[in-house]
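The sequence and the structure come next.

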Amino acid sequence: MLEKLINHYANYYGILAIEFVTLIPIIIGVFYIKHLNRSMKFLLVYYILVFIRDFISNLSAIYKINNHYLYNVFGFVEIATVGLIYYRAVYNIRIRKWIAILICISAFSGTFLWSSIEFSSGILTIADLCSMGVSILYFNTIISELKIINILKHSLFWVSSGLIIQAAGTFFIFLFAKVVLSEKVEYSVFYFYWQVRQIMYIIFCLFSSVGFWVSKYDKENYT
Amino acid sequence: MKLYIAVGTAVLLVMAIFIIVFVAYYQQKQIRQQLILKEWQEKYRKGLLAATLQAQEHERRRIAQDLHDEIGTMLSVTKLSLNQLGRTVEHNDPGSTVLVQKTRSLLDETIANVRRISRDLVPTTLERFGLVSALEELAEKASNGEVHVELSCSDKMPTLLPQLDLTLFRIAQELINNAIKHANAENIIIDLHCQPNGILLSVIDDGRGFDLDEILKDKKRGLGLRNIESRLNVIDGHVTFDVEEGRGSRIHIQVKNLKPEVEVEVETV
């Protein structure tokens, strides 16, 4: 199995690169774990789950087992993680209520769009919409509350920035997943849009890594 | 279709980047303004507090002056008149002599009390001879058969600004008063030391101590402690309460020996 896995990574070195990129926020997060607030700890758990998902996905690919369902499941994981991160980070009850409503609606509507054999365009699009909505709500809270002294040293600003870029970059790709990510489309088209999705994910990882790194300033960064 | 997806993605990405840059820029601009406003409010509050303390000192001085110059003089004149009356009565009505003597002793006591109150209101020793002498006098006055107050200080104390002198003296006065009145302390040590970055004043007693949180929670109590904090706020000093019920208390005051922004005028009676 190990030999097959090594061969798989050697043939698709892009996959190995993605797994390596996932390790960056995990390593930085573990290194600064003492400084992480509960929201950032949820994000760390999310990255660990992503790493496990990618590993299982690669194993499934080696044994020619359909692994699309893993990404659909992760749509829900993403919705739940975003919900937990921002619900803990916001103290305004009204905003909290909005986040909870958004998460519940997203998760509930996602269940009707479940698919285990192909990318569920609906679930992934909803997850992106949810991420964008919650990030914008958080940005609105930052601006209206004015509690953060230096926004560039605020961990969740970097996480939200990464999240909104990733969601904006993959929104149309997932919305039209049947056109660009289905098994019926040409490999070059699939490869191009999958690469775009991977680049957006790398950006999210890098922004999150900065978020983990600046989390040491979080406690003193409030007025 | 694929082109539309690419264009749509690009547009969304540009919008996302715009939102991020806008949030970062706008938030920083707003927070900078808020911090400037807070700084001004803090300065204004300090100024107001300094003015209040200054007015308090002026009022003490005026009362002390009135007591000394008017009531004290009137009492002295009354004593002179009583002496004259005493001499007259001694010849004509020897029976009233005792009453005159009693009135004279009461008058003497009143004159002494007026002088004491007048001196307590304005620390003249502080203004004439400095903080160490004033604290020595304070320790001496506070000591009696039941209470022993001791002053320990560095050999070389720098000359402090009058405002600092007055603040430290008033705080020491308040803490000693608290230790005697509320904590029933028997031994009190006033420790005054010069540090490289300022002055450290500690008042240590062996009284019954107190629960700081409980006192600060109650708005009707702890006025003296709040007053200490207010005084220190004006000169950017800080207080550390090392207190516990039944253990005695150690209160440390630390102030910077720098020229403060707001100065309190000090006049001599």
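How many residues does helix α4 (residues 68–89) of chain A have, and how far does α4(A) reach from its first C-alpha to its last? In this predicted model, α4(A) has 22 residues and reaches 32 Å between those two atoms, which is close to the 32 Å expected at 1.5 Å a residue. Buried residues of α4(A) include Y71(A), N72(A), F74(A), E78(A) and Y86(A), and what covers the buried residues of this helix includes α3 (38–62), α5, α6 and α7 of chain A.

Two of these covering helices also pack against each other: α5 (residues 93–111) and α6 of chain A meet at an angle of about 175 degrees, with their axes 9 Å apart. Because angles over 145 degrees count as roughly antiparallel, α5(A) and α6(A) are described as roughly antiparallel to each other. Among the residues that meet are I95(A), W98(A) and S106(A) in α5(A), and G122(A), I126(A) and T141(A) in α6(A).

The contact between the chains takes 21 residues from chain A and 19 residues from chain B. On the side of chain A that touches chain B, α6 (121–145), α7 (155–175), α8 (177–180) and α9 (187–214) each supply at least two residues, and the largest share, eight residues, comes from α7(A).

The table gives the residue classes of the two contacts.

| Contact | Nonpolar | Polar | Charged |
|---|---|---|---|
| α5(A) with α6(A) | 10 residues | six residues | no residues |
| Side of chain A that touches chain B | 19 residues | two residues | no residues |

Technical notes: Residues are numbered from 1 along each chain as its sequence is written. Chains are lettered from A and ligands numbered from 1 in the order in which they are written. This is a predicted model: local features need pLDDT of at least 70, side-chain atom pairs count only at pLDDT 80 or more; totals for chains, interfaces and linings use all residues. Two residues are in contact if their C-beta atoms, placed from the backbone, lie within 7 Å. Helices (H or I, at least four residues) and strands (E, at least two) are DSSP runs, numbered from the N terminus. Ala, Val, Leu, Ile, Met, Phe, Trp, Tyr, Cys and Pro count as nonpolar, Asp, Glu, Lys and Arg as charged, and the others, Gly among them, as polar. Axes are lines fitted to C-alpha atoms, for helices over the stretch in contact, and angles run from 0 to 180 degrees between N-to-C directions. Angles under 35 degrees count as roughly parallel, over 145 as roughly antiparallel, 65 to 115 as roughly perpendicular and the rest as oblique. The expected span of a helix is 1.5 Å times one less than its number of residues. A residue is buried if 20 or more other C-beta atoms lie within 10 Å of its own, exposed if 12 or fewer, and partly exposed in between; C-beta atoms are placed from the backbone.
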